[in-house]
Amino acid sequence: MTLRPSIILLAALLALPACSTTAAGGAGGRQALLSDGPTAPGRPCRVSPAPARLPSAAALVDSAALTQAAVALWREAGAPRGHVLLAMAYERDGTNVRRDLLEHRLPQELADTLQKLVFAHRRAAEPAEHDWGVRLRMDLDEEPVLRVGRREVCAAHPRDTRVAGGALGGAAFGDVREREAVSGLLPSTPGGAGTVWVRVALDAGGNVTEAQLERTLARGTWERRVISYVRAISFVPATEDGWPVPAQITFPLRLSGGR
């Protein structure tokens, strides 16, 4: 069966330093995310390159009516300086199906009310080939400013960071293979250890739904034992702006040789 990813995150992505956000699609790191906060600790994340061209705020909401209503609320709340940052998810037909409050520098009640206000003034976006999403930031003042930014996509990874050899710290597992069956077929080190690349498909809960070996000629009992082992690994799911999503990852698994 062919694996069909929602996100394809290869080992190079897994190898990014924790707490890092890299540029993608010409976007400039945290600046493209419109965030004033730090990245989540312990996650290899990147700026999403999709959509290729960001829509304007006016294409997502009735900006004139929204800002007018926001100013009235802001004044009633005592005119606090600050902002709200929302995650906006869209289906292919342009329907806004999710709005999450990612970050704010305002009283909680005002931030929650502004989120509802955005919903009340939402617009249907242009149809697209795939589901997509962006961020919408509103900086409050007498003349509120609306900006559209990119999502932060964080890779799935094993909960035990020793699992992905070479990408997340490395690990040497016990004799999970039939040494005789694969002699000479794997990159080996003294003692018969070797590395295989494993490709897994994960659901939004981080559960393995499909697994296969890549870059190896070995088949049979050894392959089944490795696949069985991989299916039992617990993964932290991939996320798009904090929302768990299905994903694929490919990572190296270092195996120790049997005696």
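User: What should I know before we start?

Analyst: This is a predicted model, in which local features need pLDDT of at least 70, side-chain atom pairs count only at pLDDT 80 or more, and totals for chains, interfaces and linings use all residues. Residues are numbered from 1 along each chain as its sequence is written, and side-chain values use heavy atoms, with hydrogens and water left out.

User: Why is the link of Cys45 and Cys154 called a disulfide?

Analyst: A disulfide is a pair of cysteine sulfur atoms within 2.5 Å. The S to S distance between Cys45 and Cys154 is 2.1 Å, so the pair meets that definition. The structure holds 1 disulfide.

User: Which parts of the chain does the pair tie together?

Analyst: Cys45 lies in strand 3 (residues 45-47) and Cys154 in strand 8 (residues 152-154), so the link ties together parts that are 109 residues apart in sequence. Strands here are DSSP runs of E with at least two residues, while helices are runs of H or I with at least four, both numbered from the N terminus. The chain has 6 helices and 16 strands.

User: How do you know whether Cys45 and Cys154 are buried or exposed?

Analyst: Buried means under 20% relative accessible area, exposed means over 50%, and partly exposed is in between (1.4 Å probe, protein chains only). Cys45 has 0%, so Cys45 counts as buried. Cys154 has 5%, so Cys154 is buried too. Across the chain, buried residues make up 49% of the 259 residues.

User: What makes Arg98 and Asp100 a salt bridge?

Analyst: A salt bridge is a side-chain nitrogen of Lys or Arg within 4 Å of a carboxyl oxygen of Asp or Glu. The closest N and O atoms of Arg98 and Asp100 are 2.3 Å apart, so they qualify. Side chains of opposite charge can pair when their charged atoms come close. Arg98 is buried at 14%, whereas Asp100 is partly exposed at 23%. A search of the whole structure finds 10 salt bridges.

User: Which residues are linked in a network of salt bridges?

Analyst: The network links Asp36, Arg137, Asp139 and Arg147. Asp139 meets Arg137 at 2.9 Å, N to O, and in the pair of Arg147 and Asp139 the closest N and O atoms are 3.3 Å apart. Both distances fall within 4 Å, so each pair counts as a salt bridge.
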